[in-house]
There are 2 protein chains.
Amino acid sequence: MTNSSPDVVVYEVGPRDGLQNEPESVSTADKLELIDRLTSAGMRRIEVTSFVSPKWIPQLADAGELAAAAPQHDGVAYSALVPNERGYDRFAESGRLHVAATFISASESHNRKNLNCSVAEQLGRMAPVMDRARADGIPIRSYVSTVCGCPYEGDVDLRAVVELARRLVEGGAEEISLGDTIGVGTPSQVRELVAAVGDVVPLDRVALHLHDTYGRALANVQAGYEAGVRTFDSSLCGLGGCPYAPGASGNVATEDVVSLFESQAIPTGIDLEALIDTSTWLENDVLQRTLPSRVYRAHRGRREKAASA
Amino acid sequence: MTNSSPDVVVYEVGPRDGLQNEPESVSTADKLELIDRLTSAGMRRIEVTSFVSPKWIPQLADAGELAAAAPQHDGVAYSALVPNERGYDRFAESGRLHVAATFISASESHNRKNLNCSVAEQLGRMAPVMDRARADGIPIRSYVSTVCGCPYEGDVDLRAVVELARRLVEGGAEEISLGDTIGVGTPSQVRELVAAVGDVVPLDRVALHLHDTYGRALANVQAGYEAGVRTFDSSLCGLGGCPYAPGASGNVATEDVVSLFESQAIPTGIDLEALIDTSTWLENDVLQRTLPSRVYRAHRGRREKAASA
């Protein structure tokens with residue numbers, strides 16, 4: 001199906017959101033190989049790293065080095081998370097990345113626990129980053145987390161999400177990625193969320209960033225697609241989340257999303273077999289731990305059976 | 001939500017479809033405890049065993065013993081698989097089970113590989129079992145497998161599924177359980193399937209039996225529910241399927257289905273915390289292996305965190 005023009009964008013966040021949660025740091029060379037392989041598989045949007053302080057996320061301490069060596073391909077956009085102006089300096093320095101990503105939480109408590117400030121303060125901190133990116137002609141992707149529920153507050157007011165999305169777009173964000181950080185969302189809730197946000201932001205500028213904590217990520221991807229969303233964040237092989245670790249909460253796996261769409265004749269432009277090859281390499285040669293994607297496991301099983309037949 | 005009148009039936013098949021695939025046999029006493037615990041958690045329909053020859057499924061060789069000791073509760077129906085007349089003799093002997101289940105595949109090749117006969121021959125073998133059950137006032141549940149795809153043939157003709165469902169209902173089946181045996185179904189396909197079968201069988205007599213091989217079972221449950229199905233087969237904790245074993249293909253987990261519905265205010269009548277207790281017991285004390293349900297793992301993680309806080 002890789003020849004058809006893609007109907008959906010599967011946005012790879014594994015190198016950033018996945019690897020930042022891996023217990024062991026991955027070498028810069030392996031990260032670059034991962035990015036190359038994902039690009040060769042047909043992925044057109046990849047979040048490659050984060051310019052957060054290495055004090056907070058040592059796994060991504062090589063952000064500058066990685067950005068300096070980032071490949072360049074026509075039609076492929078690499079993004080990086082930019083938490084503050086210092087981060088933006090480092091982002092701009094490389095001159096090789098295409099999209100700057102900001103983040104904020106829809107929940108006050110989650111914002112305070114994670115970012116040590118209120119939602120209003122975080123909006124204030126993001127403003128100069130967004131202004132500079134805009135001046136530099138760099139598109140901004142803004143993550144809004146805990147849109148379906150907060151680990152500290154429980155329910156999150158849908159109106160708070162909508163208001164935040166509206167303000168971020170006004171502030172210059174090209175795309176809003178709505179994150180179900182703790183994976184509690186349901187198809188009904190996703191439909192309601194997309195309809196409400198769609199009233200203030202055109203849906204071609206809205207992405208869904210779904211976690212699979214309760215196994216509902218694909219049901220929510222499907223609901224989001226049917227509600228009109230066309231961009232879905234995912235992480236190769238479910239990188240960063242291990243369903244067997246107590247309470248772990250990982251991104252939906254790229255393979256699972258691609259397979260869900262391709263099986264319904266919705267082209268993604270991505271070669272699933274190339275993703276399976278990449279996950280096999282990642283599992284065996286880089287991380288040396290079992291990765292959770294169900295589609296990956298089923299394909300690996302089929303390959304092993306074919307090889308032994 | 002256990003006080004609301006259930007809007008859906010979650011049909012537990014773990015003691016039969018789950019345990020028949022476990023590498024080690026479970027003791028009759030543990031099986032009876034499992035059935036008791038599931039019943040206490042609010043499950044009203046449970047498939048407890050199979051009267052297949054112990055030569056084929058040694059894990060269920062104690063079917064007669066188990067049936068003789070089966071509990072009796074008002075409003076709770078226990079079923080058992082009955083492959084042939086000899087099986088029906090054993091089923092009838094105990095006099096303590098309520099529903100006889102038959103099975104057939106929508107695919108010729110799968111039927112031959114699994115049952116060693118054609119679809120037409122299997123219909124012929126089922127007829128005397130169904131006639132005797134009807135004469136005894138025993139309701140029949142008929143499984144139709146490979147409805148979304150066959151491991152040998154690939155695509156399965158939707159018309160073959162519909163025709164089989166029609167004939168089974170004509171032959172006296174009270175309920176048809178449509179099985180996506182290899183987990184390849186998608187939400188679009190499930191919608192199409194339910195609409196087509198719904199033309200010949202009222203949907204309150206149709207169940208969906210979905211496997212989670214490609215992580216799509218919950219998306220398919222949701223699609224089935226939205227298309228009008230109200231009965232969903234599942235297996236406690238995903239019993240019988242291990243997503244980490246190469247190519248394994250297990251039932252959707254009961255916890256995951258219950259949580260999907262309850263989170264959308266669709267009452268199941270089932271106490272999720274009691275299911276988590278039961279899975280904890282099963283995992284730690286009976287099977288001593290890690291079970292796959294994502295909801296179970298997330299709840300266990302939360303409990304462990306709370307206990308250590």
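# Burial, packing and contact

Q: What makes C237(A) buried?
A: C237(A) has 30 other C-beta atoms within 10 Å, and a residue is buried if 20 or more other C-beta atoms lie within 10 Å of its own, exposed if 12 or fewer, and partly exposed in between, with C-beta atoms placed from the backbone; C237(A) is therefore buried. This is a predicted model, in which local features need pLDDT of at least 70 and side-chain atom pairs count only at pLDDT 80 or more, while totals for chains, interfaces and linings use all residues. Residues are numbered from 1 along each chain as its sequence is written, and chains are lettered from A and ligands numbered from 1 in the order in which they are written.

Q: Where is C237(A) found?
A: C237(A) sits in the loop between β8 (231–234) and α10 of chain A, where helices (H or I, at least four residues) and strands (E, at least two) are DSSP runs numbered from the N terminus. Although C237(A) is not a glycine, its phi is positive, at about 60 degrees.

Q: Is N116(B) buried or exposed, and how do you know?
A: N116(B) has 9 other C-beta atoms within 10 Å, so it is exposed. N116(B) belongs to the loop between α5 (108–115) and α6 (119–135) of chain B, and N116(B), not a glycine, has a positive phi of about 65 degrees.

Q: Why does R297(B) count as buried?
A: R297(B) has 27 C-beta neighbours inside 10 Å and therefore counts as buried. R297(B) is part of helix α12 (residues 294–308) of chain B, and 9.8 Å separates its C-alpha atom from that of S279(B), 18 residues apart along the chain.

Q: Why are α7(A) and α8(A) called oblique to each other?
A: Helix α7 (residues 158–170) and helix α8 (residues 187–198) of chain A pack at an angle of about 40 degrees, with their axes 9 Å apart. Angles under 35 degrees count as roughly parallel, over 145 as roughly antiparallel, 65 to 115 as roughly perpendicular and the rest as oblique, so α7(A) and α8(A) are oblique to each other. The contact joins L158(A), V161(A), V162(A) and A165(A) of α7(A) to E192(A), L193(A), A196(A) and V197(A) of α8(A), two residues being in contact if their C-beta atoms, placed from the backbone, lie within 7 Å.

Q: What makes α9(A) oblique to α10(A)?
A: The axes of helix α9 (residues 217–226) and helix α10 (residues 254–262) of chain A come within 11 Å and cross at roughly 45 degrees, which makes α9(A) oblique to α10(A). In this pair L218(A), V221(A) and Q222(A) of α9(A) meet D256(A), V257(A) and L260(A) of α10(A).

Q: How do you know that chain A is as compact as a globular protein of that length?
A: Chain A has 12 helices and eight strands. The radius of gyration of chain A is 18 Å, close to the 19 Å that the globule rule gives for 309 residues, so chain A is as compact as a globular protein of that length; the radius is taken over C-alpha atoms, and the rule is 2.2 Å times the number of residues to the power 0.38. Of the 309 residues of chain A, 54% count as buried.

Q: How many residues does the contact take from chain A and from chain B?
A: Chain A gives 31 residues to the contact and chain B gives 31 residues. On the side of chain A that touches chain B, α8, α9, α10 and α12 (294–308) each supply at least two residues, and α12(A) gives the most, with nine residues.

Note on methods: Axes are lines fitted to C-alpha atoms, for helices over the stretch in contact, and angles run from 0 to 180 degrees between N-to-C directions.
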